[in-house]
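Have the model open as you read.

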Amino acid sequence: MTEDIIVSGRMNHLIDPHLEVWEWQIPAYLFLGGLAAGILFFAGLMVLTGREDKYPAAVRKAPLLVPVILVLGLFFLFLDLKHKLFFWRLYTTIKLGAPMSWGAWVLLLVTPLSFIWAALNIRELFPRWDWKYDILKKLEAFFRKYRTYLAWAMVLLSVVLGIYTGILFSAFNGRPLWNTSILGPLFLVSGMSGGAAAIVLMSRSREERHYFARIDLLLIFIELVLIVHMFMGFLSSTQTQIDAAQLFLGGKYTAPFWIFVVILGLVTPAILELMEIKHKRIPWVAAPVLVLFGGIMLRMIIAFAGQVSHWNV
Amino acid sequence: MRYAMAIDTKKCVGCSDCVVACQTENNVPLGYARDWIREINQGVYPHLHMEIRSERCNHCDNSPCVRSCPTGASHYEEGGIVKVTKNKCIGCSACIVSCPYDARYIHPDGYVDKCTFCDHRLKKGELPACVSVCPTKCMYFGDLDNPESEISQLLNKRLHKVLIPEAGTGPRVYFLH
């Protein structure tokens, strides 16, 4: 029997009795960032593979959401900061060892990029849009000329945006539950899956919905494989990680994780999409909504459970 | 110059003088602690074993907090002391989340704070507050790079351990058995 007490009575705010420094703002940003990454990835990919006209929602409609999503996400990140007035310090240096620094700079690039792409496609929303000023018209012509470069930038930067948050979590020594290199790819695939789901929801073309539902099915399958590997990794690692994994294997977060993330967020939409492929009649909104729900729950549960997990000193 | 601290667990009685001295010396806000006393009891009566430790930031060689800071607010200073530059800290809590020892906290003013090995006292040639008040004189502080220093000689003579060595952090606070 072991009894471990801090007898001098430490009760540092947000640190004791267990770590709680990150609240809803962080999972909310993680979800929005991943979703934005997924949408931009497919938009760029469809342009580069010449399927722009086949999949208009992916290339022109869904990206209209991304500037809003990113600005909202950045706002949530800002809300989380405890020393807000100094946020600009993020942009006075690049720290290659700090994924948070990579993220700050990538967002600085991706956000204007998403605004530019949305501006190029503004006529999806306002068919008679007129830029009015010459300079703006010239800018539109300029960006339209270099669309391929913009598409390349979207594909590459969106992958960084989608994966860095997972890498960020996995690089924190102090949280054994996050200390797995699977987390980066898991968040990336989850973000792409969310992007595909958003495209399905926004599309008016049956063919496009089918195509992205199939992509989503593949991504869900990959996510399930990654989750299995994540647990295999924990259970074959040090005692600390075996203990951390218990949070999902009988501990506090078992039910939320397996029910909300795996069953409702991954397995059910996969079954629904499989049934759709077999031409059974399913309300096509069901699967993408569940996927998005699963995405936000994944990030919330991992963010909170990770803060509970700790080393035994 | 590599500063380190050694604490003789055979002599520590857990009186918490080090905790109070630190809070007084560094104007630690009420309710916060930069160092603390941890008591670990193992076994079943009457076969009991107790260890008392005075813990704080370990000013690690390979500190995850310095590595994860996006603004460079967490940095190394002379002697390997890990410090936080207040006006570069954005309060993102990345360092707090990355510390396996839970050594950091967010100061009510918004920036991140922790033990500084009392570097303001070191500059004047004094010892850290906690070391200087210990009634059993079980705490030692000095330069590991100096083989003649008290701490180097103690670490040579006595069996010692660090906390969570497997975390790869390279802590500089040693506990003498």
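This is a predicted model: local features need pLDDT of at least 70, side-chain atom pairs count only at pLDDT 80 or more; totals for chains, interfaces and linings use all residues.

## Where the chains pair

Let's start at the strand pairing between chains: β1(A) and β2(B) are joined by five bridges and run antiparallel.

How many of the five residues of β1(A) are buried? The number is zero, so β1(A) lies largely in the open.

## The sheet as a whole

Step back and you'll see an open sheet of three strands, ordered β1(A)-β2(B)-β3(B), with antiparallel pairing. The edges are β1 (2-6) of chain A and β3 (47-55) of chain B, each of which pairs on one side only. On average, neighbouring strands here are turned by 15 degrees against each other, ignoring direction.

On the chain B side, β2 (residues 36-44) and β3(B) are antiparallel and share nine bridges.

## The wider interface

The contact between the chains involves 46 residues of chain B and 39 residues of chain A. Which elements give two or more residues to the side of chain B that touches chain A? They are β2, α2 (64-68), α3 (94-98) and β6 (105-106) of chain B. The largest share, nine residues, comes from β2(B).

## Chain B on its own

Chain B contains six helices and ten strands. Its radius of gyration is 16 Å, close to the 16 Å the globule rule gives for 177 residues, so chain B is as compact as a globular protein of that length. The C-alpha trace of chain B spans about 50 × 40 × 35 Å along its principal axes.

Inside, 45% of the 177 residues of chain B count as buried. If you look at contacts in chain B with a separation of 6 or more, 54% of them involve residues 24 or more positions apart.

How values were computed: Residues are numbered from 1 along each chain as its sequence is written. Chains are lettered from A and ligands numbered from 1 in the order in which they are written. Two strands pair if DSSP finds at least two bridges between them. Helices (H or I, at least four residues) and strands (E, at least two) are DSSP runs, numbered from the N terminus. Axes are lines fitted to C-alpha atoms, for helices over the stretch in contact, and angles run from 0 to 180 degrees between N-to-C directions. A residue is buried if 20 or more other C-beta atoms lie within 10 Å of its own, exposed if 12 or fewer, and partly exposed in between; C-beta atoms are placed from the backbone. Two residues are in contact if their C-beta atoms, placed from the backbone, lie within 7 Å. The radius of gyration is taken over C-alpha atoms; the globule rule is 2.2 Å times the number of residues to the power 0.38.
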